[in-house]
Amino acid sequence: MFVEGLDRIFRNLIFLKCKNNNGIMHFEVIKIKIAIISDIHGNSVALKEIIKDAEKNKVNEYIFLGDQVNDLPFGNETLDIVRKYSNKVLKGNKEQYLIEYDKERYNWKNVQFKNTLFMYNELTKENLKYIKELPHFMKLEYDGVKLLIAHGSPKSVEEQLHRNRTDLINKYTENLEEDALIFGHTHEKVWKETVNNKLVISCGCSGVSPFFIGQAEYVILEINNGKIDDIISRLVNFDINLIKKKIITSGILNEDKVLMNLTYGAISGHGAMRHNFLMEAKEIMLERNGKLYKDNAKGIFKYFKLYDDDIWLGLAEKYKNEFIF
Ligand SMILES: [Mn+2]
């Protein structure tokens with residue numbers, strides 16, 4: 001571990017010298033490797049495996065695209081790792097919920113909302129302060145290659161740039177100054193495309209992807225000779241049984257078991273169950289109210305789909321054979 005840490009420091013020293021002493025000290029072409037990690041959602045177990053894999057691949061830099069915390073209840077552990085490895089970290093909608101709750105203190109009684117409250121109460125003061133200071137997007141430059149990174153879209157943490165939203169992707173690349181637009185949030189598998197002569201990279205979901213069983217996806221971007229040389233999607237295994245144990249000992253199950261069942265379902269091969277549950281909940285809620293959101297919600301909470309308890313718990317009863325907790 002100690003040797004690994006030294007190795008990383010050495011790697012970054014070379015990278016920095018190369019960057020800062022342009023014209024003064026000459027180094028032969030050095031590849032810059034950047035690990036881009038999005039949507040960890042509190043899965044510190046997966047994050048540790050990603051870091052191991054990225055270190056083995058000798059990355060120079062780490063970028064985190066937001067939603068580091070929630071839905072899994074290991075937010076502090078996750079943020080402690082993120083803060084140790086990077087200062088290129090964005091906020092996602094999940095951080096924004098905690099930040100705005102800190103201000104608004106909604107008194108919503110919904111069982112589903114207890115997951116957000118749990119994390120809010122768990123976060124250390126230091127970590128709460130830390131997430132409040134994260135930016136929505138960042139402009140970065142490596143060896144002349146310019147990147148615009150965002151969680152959802154350059155406009156908002158909540159906007160979803162799904163692959164089929166060619167209208168939005170066209171809009172955001174049309175007058176883009178940077179060479180690449182890089183984001184997460186949709187939980188789609190990693191994909192990349194060239195649009196309007198700009199590179200568009202959707203970085204997948206590291207913590208709770210419904211497309212893999214016990215595997216986390218992230219991206220390694222390679223910059224070589226002032227050009228993006230390669231975009232590699234990496235898949236690493238993590239221990240879902242360890243997550244199960246950690247969920248049980250975290251205390252979250254005393255608050256709301258349903259979301260944990262859906263989230264654990266997503267990473268253990270029952271992504272379809274999670275999808276169907278949420279679609280049904282949405283349909284029933286819309287039929288009943290004509291809307292999914294609370295009337296008194298402000299800011300980002302205007303997008304927080306909050307289901308009535310009888311819907312949330314009723315569907316839990318319906319799906320109980322597929323629930324593990
Ligand atoms: Mn998100």
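The turns below concern a strand, its partners and a loop residue.

Analyst: This is a predicted model, in which local features need pLDDT of at least 70 and side-chain atom pairs count only at pLDDT 80 or more, while totals for chains, interfaces and linings use all residues. Residues are numbered from 1 along each chain as its sequence is written.

User: In which sense do strand S4 and S5 pair, parallel or antiparallel?

Analyst: Strands here are DSSP runs of E of at least two residues, numbered from the N terminus, as are helices (H or I, at least four residues), and two strands pair if DSSP finds at least two bridges between them. S4 and S5 form a hairpin with two residues between them, and Asp 143 in the turn has a positive phi of about 50°. Phe 137 has Ala 150 in S5 as its bridge partner. Over six bridges, the pairing of S4 (residues 137-142) with S5 is antiparallel.

User: Why is S5 largely enclosed by the rest of the structure?

Analyst: A residue is buried if 20 or more other C-beta atoms, placed from the backbone, lie within 10 Å of its own, exposed if 12 or fewer, and partly exposed in between. S5 is largely enclosed because, of its six residues, the number buried is five.

User: Is Gln 160 buried or partly exposed?

Analyst: Gln 160 lies in the loop between strand S5 (145-150) and helix H7 (166-174). Because Gln 160 has 15 C-beta neighbours inside 10 Å, its class is partly exposed.

User: What separates the C-alpha atoms of Gln 160 and His 187?

Analyst: These two residues, Gln 160 and His 187, are 27 residues apart along the chain. The separation of their C-alpha atoms is 9.6 Å.
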